[in-house]
Amino acid sequence: MALLVLILCYRFDDAKLGTLVGVDKYGNKYYENNMYFYGRNRWVEYVDKVGMDYDGSQIPAEWFGWMHYKTDLIPTKDPTRPKYSWMLDHTENMSGTRYAYTPYTTTPPKIHPWTPPKPKATST
Ligand SMILES: *[C@@H]1O[C@H](CO)[C@@H](O)[C@H](O)[C@H]1NC(C)=O
């Protein structure tokens, strides 16, 4: 128990007691304990495989609404959630990594690098 508290404090700067309300398909665990103040009573424990490299964009859209008190219904208990075939899978924000999205440009560059002229051959 003490080790678990230590691990939680190390990873999330916090060790809270709460009820596990759900796990998303990426393995993030969502907890709630209404004994804490509103705004601090819902939290996520990110999946172990991300280690210390977690951020809010790893929370999928289904759970975003619950985390931000937009709804009190967790995704699995809310039948009104739309599900369409064209909906893409959630991806975290890859900005700052080598997988960052870079749009293809069709604009030719206005500034071109200078290439020094070749030195004339000197006859000796
Ligand atoms: C991704 O993160 C960058 C840097 O924090 C931010 O500027 C950008 O708006 C984010 N993109 C999305 C889609 O959230």
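The legends below describe close-up views of a predicted model.

Residues are numbered from 1 along each chain, following the sequence as written. Because the model is predicted, local features need a pLDDT of at least 70 and side-chain atom pairs count only at pLDDT 80 or more, whereas totals for chains, interfaces and linings use all residues.

**View 1. The open sheet with strand order β1-β2-β3.** Three strands form this open sheet, and their pairing is antiparallel; helices (H or I, at least four residues) and strands (E, at least two) are DSSP runs numbered from the N terminus, and two strands pair if DSSP finds at least two bridges between them. The edge strands, each of which pairs on one side only, are β1 (19–23) and β3 (42–45). From one strand to the next the twist averages 30 degrees, where axes are lines fitted to C-alpha atoms (for helices over the stretch in contact) and angles run from 0 to 180 degrees between N-to-C directions.

**View 2. The antiparallel pair of β2 and β3.** Strand β2, which covers residues 29–32, is joined to β3 by four bridges. Within this pair, Tyr 30 has Val 44 of β3 as its bridge partner.

View 3. An unreviewed UniProt entry lists residues 1–15 as "signal peptide"; UniProt positions are given in the numbering used here, feature names are shortened, and annotations may be inferred rather than shown by experiment. In the model, this stretch is 73% helix and 0% strand, with its end C-alpha atoms 11 Å apart. Asp 13 is found in the loop between α1 (2–12) and β1, and its phi is positive, about 55 degrees, although Asp 13 is not a glycine. Most residues other than glycine have a negative phi. Asp 13 counts as exposed because it has 7 C-beta neighbours inside 10 Å (buried means 20 or more other C-beta atoms within 10 Å of the residue's own, exposed 12 or fewer, and partly exposed in between, with C-beta atoms placed from the backbone).

**View 4. Tyr 69 and Ala 100 in the segment after α2 (61–67).** Tyr 69 also is not a glycine and has a positive phi, of about 60 degrees; with 11 C-beta neighbours inside 10 Å, Tyr 69 counts as exposed. Ala 100 is exposed as well, since 9 other C-beta atoms lie within 10 Å. Leaving aside neighbours within four places in sequence, Ala 100 is in contact with Met 94 and Ser 95, contact meaning that the C-beta atoms, placed from the backbone, lie within 7 Å. Between Ala 100 and Arg 42 the separation is 58 residues in sequence and 30 Å in space, C-alpha to C-alpha.

Conventions. Contact = placed C-beta atoms within 7 Å.
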